[in-house]
Amino acid sequence: MDQQSRPAEQASPYRPGSTAAEGQADSPAEGRAEGRAETHEAPGADRAPLDLLVWDAPNVDMTLSNVIGARPSPASRPRFDAVARWLVSAAGDRDVEGAVFANVPPGAATGMRGWIEALRSFGYAVFAKPKLHPEDDVDLDMLRHIVDRSRSNRLVRLVVASGDGRNFLAPLEDLARAGTHVTVLSFSEVAGYALESDLLEFVDLEDVPGAFISPLDRVRLDALPPEGAWLRPSRSMREVATAG
């Protein structure tokens, strides 16, 4: 698909007239700098309180593959209904919103449609973006949505499901300094940026009650049993020797 045939960008369902590309940066670095400046705005006490979850679907899928050493199966993928219950249980009487951001590669639309409709039935809004080039992702769209909601509401709690500290660490710490409780929801193996931050809370996705049907095939270094645990090789020696 060439540049001229890209679908028109749609307005955000949350604030009339806003779009995911509003204030489109010339480069990812400029976009991150813009996000940092805008998210530093202090929450207004006169706005409705909100707990917001934004979910980086490409990153969570990739990091889950890395954690379990295999392509995730339906049984090893997170249950979004359980994540929704976890989010709502901590919100009290505040408004709660969840948004999943996803890339749609060429030829994948049919296969992804059922997953997207399931997300919507669980109460999530979905931002779907075509993946026309290898570098296309949804990080800047997520940051713009966070800025948008921090302007229209008093963002009490923000949960970001992503292990991508390169794009999210600085803007999230700015929000935390401005008074928002920021939680990173990911896997301890890949979210060192949140574990090492003094401003961010970290929750391992597997610690969300009911998020997985059965325990993931992983050994968490932050939760080792007292007697120790074996970490199996992810490749055989013969495979390594043959490839090398």
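1. Pocket, as used here. A pocket is an open set of grid points with protein on both sides within 12 Å along at least five of seven lines. Its volume is the space filled by probe spheres set on the points. The model is predicted. In this model, the second largest pocket holds about 870 Å³ of space.

2. Pocket lining. The second largest pocket has 33 lining residues. Nearest its centre lie Ala57, Pro58, Asp61, Arg77 and Trp115. By class, the lining divides into 18 nonpolar, 3 polar and 12 charged residues.

3. Where the lining comes from. Which helix gives the largest share of the lining of the second largest pocket? Helix H2 does, with 7 residues. H2 spans 57-68. Strand S1 (49-56), helix H3 (80-89), strand S2 (95-104) and helix H4 (109-121) each supply at least two residues as well.

4. Aromatic pairs. The count comes to 4 aromatic pairs. Trp55 and Phe80 form a tilted pair, because their ring centres are 4.5 Å apart and their planes stand at 55°. This pair links distant parts of the chain: Trp55 sits in strand S1 and Phe80 in helix H3, 25 residues apart. Trp55 and Phe80 are both buried.

5. A further ring pair. Phe101 and Phe127 also pair in a tilted arrangement, with ring centres 5.5 Å apart and planes at 40°. Again the pair links distant parts of the chain. Phe101 belongs to strand S2 and Phe127 to strand S3 (residues 124-130), 26 residues apart. Phe101 is buried at 3% relative accessibility, whereas Phe127 is partly exposed at 24%.

6. Ring cluster. Which residues do ring pairs link into a cluster? They are Trp55, Phe80, Trp115 and Tyr124. Of these, Trp115 is also listed among the residues nearest the centre of the second largest pocket.

7. Salt bridges, overall. The model has 14 salt bridges. Some of them are taken up below.

8. Arg79 and Asp81. These two residues form a salt bridge, with the closest N and O atoms 3.1 Å apart. Is Asp81 buried or exposed? Asp81 counts as buried, because its relative accessibility is 18% and the cut-off for buried is under 20%. Arg79 is partly exposed, with a relative accessible area of 33%.

9. Glu201 and Arg157. The side chains of Glu201 and Arg157 meet in a salt bridge at 3.9 Å, N to O. The pair links distant parts of the chain, 44 residues apart. Glu201 lies in strand S6 (residues 201-204) and Arg157 in strand S4 (residues 154-161). The bridge distance falls inside the cut-off, which is within 4 Å. Arg157 is buried, with a relative accessible area of 10%. Glu201 is partly exposed, at 31%.

10. Asp174 and Arg177. Here the closest N and O atoms are 3.0 Å apart, in a salt bridge. How are the two residues placed in helix H6 (residues 165-177), and what separates them? Asp174 and Arg177 are 3 residues apart in that helix, so about one helical turn separates them. Asp174 counts as buried at 7% relative accessibility.

Conventions:
Residues are numbered from 1 along each chain as its sequence is written. This is a predicted model: local features need pLDDT of at least 70, side-chain atom pairs count only at pLDDT 80 or more; totals for chains, interfaces and linings use all residues. Side-chain values use heavy atoms; hydrogens and water are left out. Buried means under 20% relative accessible area, exposed over 50%, partly exposed in between (1.4 Å probe, protein chains only). Helices (H or I, at least four residues) and strands (E, at least two) are DSSP runs, numbered from the N terminus. On a 1 Å grid over the protein atoms alone, a cavity is a set of points where a 1.4 Å probe fits but cannot get out, and a pocket is an open set with protein on both sides within 12 Å along at least five of seven lines; lining residues have an atom within 4 Å of a point. Ala, Val, Leu, Ile, Met, Phe, Trp, Tyr, Cys and Pro count as nonpolar, Asp, Glu, Lys and Arg as charged, and the others, Gly among them, as polar. Rings of Phe, Tyr and Trp (its six-membered ring) pair if their centres lie within 6.5 Å; planes under 30 degrees apart count as stacked, over 60 as edge-to-face and the rest as tilted.
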